[in-house]
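Student: I would like to learn how to read strands and surface in a protein model. Could we go through an example together, step by step?

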Amino acid sequence: MASGEGKKSGEGKKSGEGKKPNANAKGGGGKKKEVKKETGLGLSYKKEDNFGEWYSEVCVNGEMIEYYDISGCYILRPWTMAVWETMQTFFDAEIKKMKIKNCYFPLFVSPGVLQKEKDHIEGFAPEVAWVTKSGQSDLEVPIAIRPTSETVMYPYYSKWIRGHRDLPLRLNQWCNVVRWEFSHPTPFIRSREFLWQEGHTAFATKEEADTEVLEILELYRRVYEEYLAIPVIKGKKSELEKFAGGYYTTSVEAFIPNTGRGIQGATSHCLGQNFAKMFDITFENEKGEKAMVWQNSWAYSTRTIGVMIMVHGDDKGLVMPPKVASVQIIVVPVPFKDADTQAIFDACDATVKTLNEAGFRAEADLRDNYSPGWKYSHWEMKGVPLRIEIGPKDLANKQVRTVRRDNSAKVDIPMVDLVEQVKAMLDNIQQNLFDVAKQKRDACIKTVRTWNEFIEALGQKKMILAPWCDEMEVEKDVKARTKGETGAAKTLCAPFHQPDLEGVSCFVTGKPAKKWSYWGRSY
């Protein structure tokens with residue numbers, strides 16, 4: 001339920017709608033120091049008090065998204081696309097090292113092909129959008145819009161793979177997919193159209209497929225931990241939660257302490273030979289025998305950006321990790337009365353030039369119709385990691401004042417040390433964001449061994465590590481017994497690093513436990 005907390009307001013009144021008139025009102029008058037300039041930029045909701053409303057407002061006021069006139073669809077603004085492109089550049093280079101090649105398949109799927117893998121389509125059926133008309137005429141056969149591309153691609157894998165020399169076949173596409181979600185659309189987290197990459201690979205052996213699953217999962221961990229500064233847990237999904245039609249699913253799982261919800265960060269599936277059977281993807285092996293391929297599929301989407309906002313954002317707005325921030329440093333002139341404004345502006349330009357030449361993404365805000373205070377609030381709302389202020393005193397002392405977004409620490413640094421000190425600060429901000437997020441996440445993890453302990457921890461919004469017998473009926477039972485207004489608890493993943501199981505019983509049935517799994521409510 002909480003995934004869409006605040007979407008009622010978000011869809012109707014559009015939490016950030018007020019921003020444009022405010023901004024225009026402030027800018028329009030052109031008066032230098034109007035008191036109004038300092039107001040109207042803050043958030044109406046606090047993260048602790050009303051997370052759903054706070055999240056909607058941060059997404060809009062931070063200029064990540066704009067609401068669109070079709071519910072569940074959002075405009076991704078340049079501030080968002082810069083983050084996506086940074087992750088894309090990293091991931092794309094890494095998969096190319098693995099000899100995975102990019103391609104592009106059509107958006108449309110014929111019903112016959114879509115329905116070929118029964119379990120798979122049953123998993124997606126409620127979310128599939130259909131094209132039924134062309135102009136005013138009804139189409140003879142409706143056409144589906146891809147919710148994912150297994151059934152789009154695999155008929156052609158069958159055509160292209162003939163012998164063992166055609167393997168492995170390793171393709172990836174960067175594209176959009178449509179899943180017609182009806183419950184609680186939430187920017188980035190649950191939307192009807194989103195951007196993602198989806199990899200689809202075929203191998204001669206299970207061993208090769210298993211190896212790739214984990215290599216890709218490690219790249220997803222790096223996207224979250226190294227770029228977005230979000231701690232994640234690597235693990236395997238339960239049979240109930242695995243990808244529909246797949247053999248097994250691995251994932252990286254994040255956690256949102258404010259809502260006490262887990263969130264699936266990205267998935268790497270081994271599809272086994274199920275789809276090969278359905279789509280007749282066979283090859284002649286080295287012995288001249290006919291064999292079926294082993295397949296994987298793996299994806300991460302713009303959901304990653306929503307997780308970043310939820311984890312790091314605060315009551316002043318977005319907090320962007322330096323590695324993915326569109327602007328890493330904003331330089332603001334602070335001219336006092338009778339100061340040499342031009343000299344200060346020149347110093348700002350020179351500072352930006354020095355930083356840009358050193359490889360940083362830096363900009364100066366030289367707009368003269370906004371006060372410095374208004375600019376501070378504006379760039380804090382947009383989450384820029386580091387602010388540099390230059391006033392007459394700084395000019396005289398050949399220094400700049402730096403202010404960190406993550407902890408508001410202010411430090412004066414000499415111009416001669418600018419590049420070196422800024423680099424150290426940005427590295428420190430990146431690490432600090434991760435450390436603080438990990439500390440908060442770890443404080444929410446609770447290990448339990450009994451049903452009563454489990455229920456208590458669930459009530460405290462914890463991410464629960466519990467031993468269980470790994471039976472699907474038991475997981476269904478837990479879901480049924482915990483169903484409430486805030487949604488049912490389920491397994492998030494069984495972590496790869498397993499605590500000792502000797503003599504440990506299932507927290508539900510008391511039978512010998514077969515694995516430890518993380519449980520909780522989730523998005």
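Tutor: Let us begin with two terms. A residue is called buried when it has under 20% relative accessible area, exposed when it has over 50%, and partly exposed in between, with a 1.4 Å probe and protein chains only. Helices (H or I, at least four residues) and strands (E, at least two) are DSSP runs, numbered from the N terminus. What you see is a predicted model, in which local features need pLDDT of at least 70 and side-chain atom pairs count only at pLDDT 80 or more, while totals for chains, interfaces and linings use all residues. Residues are numbered from 1 along each chain as its sequence is written, and side-chain values use heavy atoms, with hydrogens and water left out.

Student: Why is strand β11 described as largely enclosed by the rest of the structure?

Tutor: Strand β11 covers residues 261–272, and because 11 of its 12 residues are buried, the rest of the structure largely encloses it.

Student: Which strands pair with β11?

Tutor: Two strands are said to pair if DSSP finds at least two bridges between them. Strand β10, residues 248–256, pairs with β11 in the antiparallel sense over nine bridges, and glutamate 253 stands opposite glutamine 264 of β11. These two strands form a hairpin with four residues between them, and in the turn glycine 260 has a positive phi of about 65°. Strand β14, residues 294–301, is antiparallel to β11 and joined to it by five bridges, where histidine 269 has serine 297 of β14 as its bridge partner. Strand β23, residues 515–522, runs parallel to β11 with two bridges, and glycine 262 faces serine 522 there.

Student: What else is joined to β14?

Tutor: Eight bridges join β14 to β8 in an antiparallel arrangement, and asparagine 296 in β14 is the bridge partner of threonine 201. Strand β8, residues 193–203, is itself mostly covered, with nine of its 11 residues buried. Strand β7, residues 169–178, is also antiparallel to β8, through 10 bridges, and leucine 169 stands opposite alanine 202 of β8.

Student: Where is isoleucine 70 found, and is it buried or partly exposed?

Tutor: Isoleucine 70 is found in the loop between β1 (65–67) and β2 (74–76), and with a relative accessible area of 39% it is partly exposed.
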